[in-house]
Amino acid sequence: MLAKSQKITSTRITLDLSTRLIGDNECLALAEVLKTTLTLTTLNLGYNSIGDNGCLTLAEALKTNSTLTILDLSSNLIRENGCPALAEALKTNSTLTTLNLERNSIGSEGGQALSESLKTNSTLINLNLSNTAIGDTGCLALAEALKTNSSLTTLNLQNNPIRIAGLLAFSEVFKTNSTLTTLDLFYNGIFDRKLDVVLYKSLQTNSTLTTLNLGCMSIEVYKLQELSEALRTNETLITLNLQSNSIEDIGAQTLAGTLHINSTLTTLCLQNNSIGFNGVRALALALKTNSTLTTLDLQDNLAGNKGAQTLSEALKTNIALTTLDLRRNSVESNGARALAETLKINLVLTSLYLQNNLIGDNGALALSEALKTNSGLSTLDLWGNSIGDNGALALSEALKTNSTLTTLYLQNNSIRFKGGQALSEALKANSTLTTLSFWNNSIGDNGAKALADALKSNSTLAILILASNLIGDNGALALSEALEANSTLMTLELQNNLICGNGAQALHQVSLCTRVVTHKAFTNL
């Protein structure tokens, strides 16, 4: 494997050696490649067993390498003794733009060493230190470096034991740094009321940060007032992630008040925050006046039918929102009906996620009627909604005339042969659907045969997922025959079915001619 890697110097620019059991000894050969290559720009060494010694070897090669721009060392065994060598290399290397050290235990000493190199390095743009145990000490050093660094734009500090001192240091960074655009602080520490005031006030004057992840940061209802105040005047932040905090209805209402005023935020993630109808209603009212928010993520909350209905009313007049995520929100058929009525009018919404709700056949029927006239929706997620054959029949009729939907998720429902057969007929007429996920239904061999027949004439479907569908050899044989005629399907997943000897052999035979196929998964290369 490594011998082959040395041969790529004049023919390839990207080398993926992730999950190859590479250790310190193998790094010697890779270092030689880095010293001599004229074309290698991306090297992925993630999920191996590279320790401090291997890191030292690679770092030495980086001092003279002039082509590598991306180096991924995530999930290795690099600790505090290896990281200083990388830091030294960064002081002289002038081409590396992305360094991923995620899930390496470099500790505070590693964080300090990298921080020193950032004071002089002028090319590194992306630095991933997620899950590296840098702590407050490492964070303080990074914050100090960012006061003068003028190249780093993205910094990932997810899941480090950063507490008040480290986070307070970053509030000072917001005031002075003019290049950092993305900061990820997901799952770090416990916020303090005084810290909230300082950190959020610094956002009021910051003019460069565009993406901020504060998920899992123990942000409670009473702490959102300062953040909302900052968002009223901040003019650059476009993506804000507040998932898995304790925002609840009152916090959602506070944020909704801000959305009436804020004119820059485009993506707001409020996933898993115990937001019920009152909070959703406040957000819906904000959507009636807000003209910039394009993505609202409310998955894993408590919207229910009433929440879905009030959001539907808002979307009848909203002209900006393109993505609405209501996964796992206890939405039933009445909520789906309200959303369907909106889809008949709204031409802006392109993605609607309703995974793991309870819309059933009646909800699917209502959405199907909307799809017959809607010309904006491209992605519809109905995964795990107790939809049976009747719902599948209705959706199939809609697909025969709909000309915009490209992705339909129907996995983990209760669709059997009749529903599978109906969808097969739809695929013969439909010319826009590119992805159909049908995982964990029960279409069996006859359903697979019907889909195979459709694949012989369909020329747009690129991804078909049929895992866990009770498909046996007969279904596999039919699909194999269809693949010989079909030239557009790129991915066919068949894992966890009942395919064995003859079926597996037929799929393998097709792979020898046109594709890479197994009974577990098929990918057209």
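Reader: How many residues does helix α11 have, and what length is expected for it at 1.5 Å a residue?
Author: Happy to start there, and do keep in mind that this is a predicted model. Helix α11 covers residues 277–289, which gives 13 residues. From its first C-alpha to its last it reaches 19 Å, close to the expected 18 Å.

Reader: Which residues of α11 are buried, and which elements do they pack against?
Author: The buried residues of α11 are G279, V280, A282, L283, A284, A286 and L287. These buried residues have three packing partners, given here with their residue ranges: α10 (248–259), β11 (295–297) and α12 (304–315).

Reader: Where is N272, and what is its phi?
Author: N272 is in the loop between β10 (267–269) and α11. Most residues other than glycine have a negative phi. N272 is not a glycine, yet its phi is positive, at about 55°.

Reader: Does N272 count as buried, partly exposed or exposed, and why?
Author: The value to look at is its relative accessibility, which is 38%.

Reader: Which residues is I106 in contact with, leaving aside its neighbours within four places in sequence?
Author: Two of these contacts of I106 are G111 and L114.

Reader: How are α5 and α6 oriented to each other, and why?
Author: Two packed helices are described by the angle between their axes and the distance between the axes. For α5 and α6 (residues 135–146), the axes come within 8 Å and cross at roughly 5°. That makes α5 and α6 roughly parallel.

Reader: Which residues make the contact of α5 with α6, and how do they divide by class?
Author: On α5 they are S108, G111, Q112, S115 and L118, while α6 brings T137, G138, A141, L142 and A145. By class, the residues of this contact are 4 nonpolar, 6 polar and no charged.

Reader: What is the angle between α15 and α16, and how are they oriented?
Author: The axes of α15 (residues 389–399) and α16 (residues 417–429) come within 8 Å and cross at roughly 5°. Angles under 35 degrees count as roughly parallel. So α15 and α16 are roughly parallel to each other.

Reader: Which residues make the contact of α15 with α16, and how many are charged?
Author: D389, A392, L393, S396 and L399 of α15 meet K418, G419, A422, L423 and A426 of α16. By class, this contact has 6 nonpolar and 2 polar residues, and the number of charged ones is 2.

Reader: Where does pLDDT stay under 50, and what is the mean for the chain?
Author: For the chain, the mean pLDDT is 93, and 94% of its residues reach 70 or more. One stretch under 50 is residues 1–10, with 25 contacts beyond four places in sequence in the model. Another stretch under 50, with 34 such contacts, is residues 516–525.

Key. Residues numbered from 1 in each chain as written. Predicted model: local features only at pLDDT ≥ 70, side-chain atom pairs only at ≥ 80, totals over all residues. Heavy atoms only, no water. Axes fitted to C-alpha atoms, helices over the stretch in contact; angles between N-to-C directions. Helix = DSSP H or I, 4+ residues; strand = E, 2+ residues; numbered from the N terminus. Parallel < 35°, antiparallel > 145°, perpendicular 65-115°, else oblique. Contact = heavy atoms within 4.5 Å. Nonpolar A, V, L, I, M, F, W, Y, C, P; charged D, E, K, R; others polar. Expected span 1.5 Å × (residues − 1). Buried < 20%, exposed > 50% of the residue type's maximum accessible area, 1.4 Å probe, protein only. pLDDT = per-residue confidence, 0-100.
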